[in-house]
Amino acid sequence: MIKKVFLLLLFLSSAAFAEKITIFAASDLKFALDTIKSDFIQTHPNAVIQMIYGSSGKGRVQIERGAPYELYFSANMDYVEDLYKKGKVSTKPKLYAIGRLVIWSKNKNFDAQKGFENFTQTWVHKITIANPAHAPYGQKAKQALQAKGIYKKIEPKIVFGENISQTANYINIKAADIGIIALSLALAPSIANSPYKSYYLIDAKLHEPLRQGYAITTYGAHSKLAHQFYNYLQTAKAQSIMKKYGFVVTK
């Protein structure tokens, strides 16, 4: 009985000292950031970190309206800088990586070596990209298609995903025949370990750089845990994980 009471008090004591933070992050980061979070918690066992993934643009709007997120990871550095100018983030925006785009499909007729030629083949009825209105990967996908001179031609076939994860899922469930997704998702186990692991890496010169940034929000300015996780992203271990998922890490 005494032992049970001791264990209960120990548990309550640990819970009392546990710090919680909520992070909003761009969908392309799901696998990389989940891995980094797991690694971080090994040395911070009392940390409680809730991850919310979505389109960077919607995250920006939510934070501007006072959403209780301690950290914001955007696929577009401009969004973080905009929040900084408006006093909604407390740290100067920091670049954490540059993202890459790939063409991907689960259709048996897809030939990764043909690249953009796949979009104009007879087997393609639905094409998906993330919504350019608020998803940075969608903005850059549209730029690449325009640079290749085929956007107007294929526009009637395009179905927009709410974010890059939903875009990949449209292809996964075959609601779309082909699309443009983040390299980080193509390198995730669900695709990389499947029979549909082939993809075409889009030349980064075809679109503006996917400069991705992050910052601590004003809501999380006094959170010790938020600052610890923020700094952890700059460690060699965290950066090696980012590279593993295809992000270009720059100092």
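**Exercise 1.** Is Ser-74 buried or exposed?

*Solution.* Start with the rule: buried means under 20% relative accessible area, exposed over 50%, and partly exposed in between, with a 1.4 Å probe and protein chains only. Ser-74 has a relative accessible area of 0%, so Ser-74 is buried.

Two notes on the model apply to every exercise. This is a predicted model, in which local features need pLDDT of at least 70, side-chain atom pairs count only at pLDDT 80 or more, and totals for chains, interfaces and linings use all residues. Residues are numbered from 1 along each chain as its sequence is written, and side-chain values use heavy atoms, with hydrogens and water left out.

**Exercise 2.** Find the element that holds Ser-74, and list the contacts of Ser-74.

*Solution.* Step 1: helices (H or I, at least four residues) and strands (E, at least two) are DSSP runs, numbered from the N terminus. Ser-74 belongs to strand E3, residues 71–74.
Step 1: contact means heavy atoms within 4.5 Å. With neighbours within four places in sequence set aside, Ser-74 is in contact with Ala-26, Ser-56, Tyr-79, Val-80, Tyr-96, Gln-212 and Gly-213.
Step 2: a polar contact is a pair of N or O atoms within 3.5 Å; within protein, one must be able to donate a hydrogen and the other to accept it, and residues adjacent in sequence count only if both atoms are side-chain atoms. The Ser-74 side chain reaches the backbone oxygen of Asn-76 at 2.7 Å.

**Exercise 3.** How many residues does the largest nonpolar core have?

*Solution.* Step 1: a nonpolar core is a set of buried Ala, Val, Leu, Ile, Met, Phe, Trp, Tyr and Cys residues joined through side-chain atoms within 4.5 Å.
Step 1: the largest such core has 67 residues, and Leu-71, Phe-73, Phe-119, Ile-181 and Phe-229 have the most contacts inside it. Helix H10 (residues 224–232) gives the most to this core, with five residues.
Step 2: another core, of ten residues, lies apart from it; Ile-63, Tyr-72, Leu-83 and Val-89 are among them.

**Exercise 4.** Describe the largest pocket and the cavities.

*Solution.* Step 1: on a 1 Å grid over the protein atoms alone, a cavity is a set of points where a 1.4 Å probe fits but cannot get out, and a pocket is an open set with protein on both sides within 12 Å along at least five of seven lines; lining residues have an atom within 4 Å of a point. Grid points are joined across faces, edges and corners, and a volume is the space filled by probe spheres set on the points.
Step 1: the volume of the largest pocket is about 210 Å³. It is lined by 14 residues, of which Ala-168, Asn-169, Asn-172, Ser-190 and Ile-191 are the closest to its centre. H7 gives the most to this lining, with four residues.
Step 2: there are two cavities of 30 Å³ or more. The largest cavity holds about 60 Å³ of space, and its lining includes Ala-26, Ser-56 and Ile-164. The second largest cavity holds about 40 Å³, and strand E4 (94–99) and helix H11 (236–244) each supply at least two residues of its lining.

**Exercise 5.** How many helices and strands are in the chain?

*Solution.* The chain has eleven helices and ten strands. Of its 251 residues, 49% are buried.
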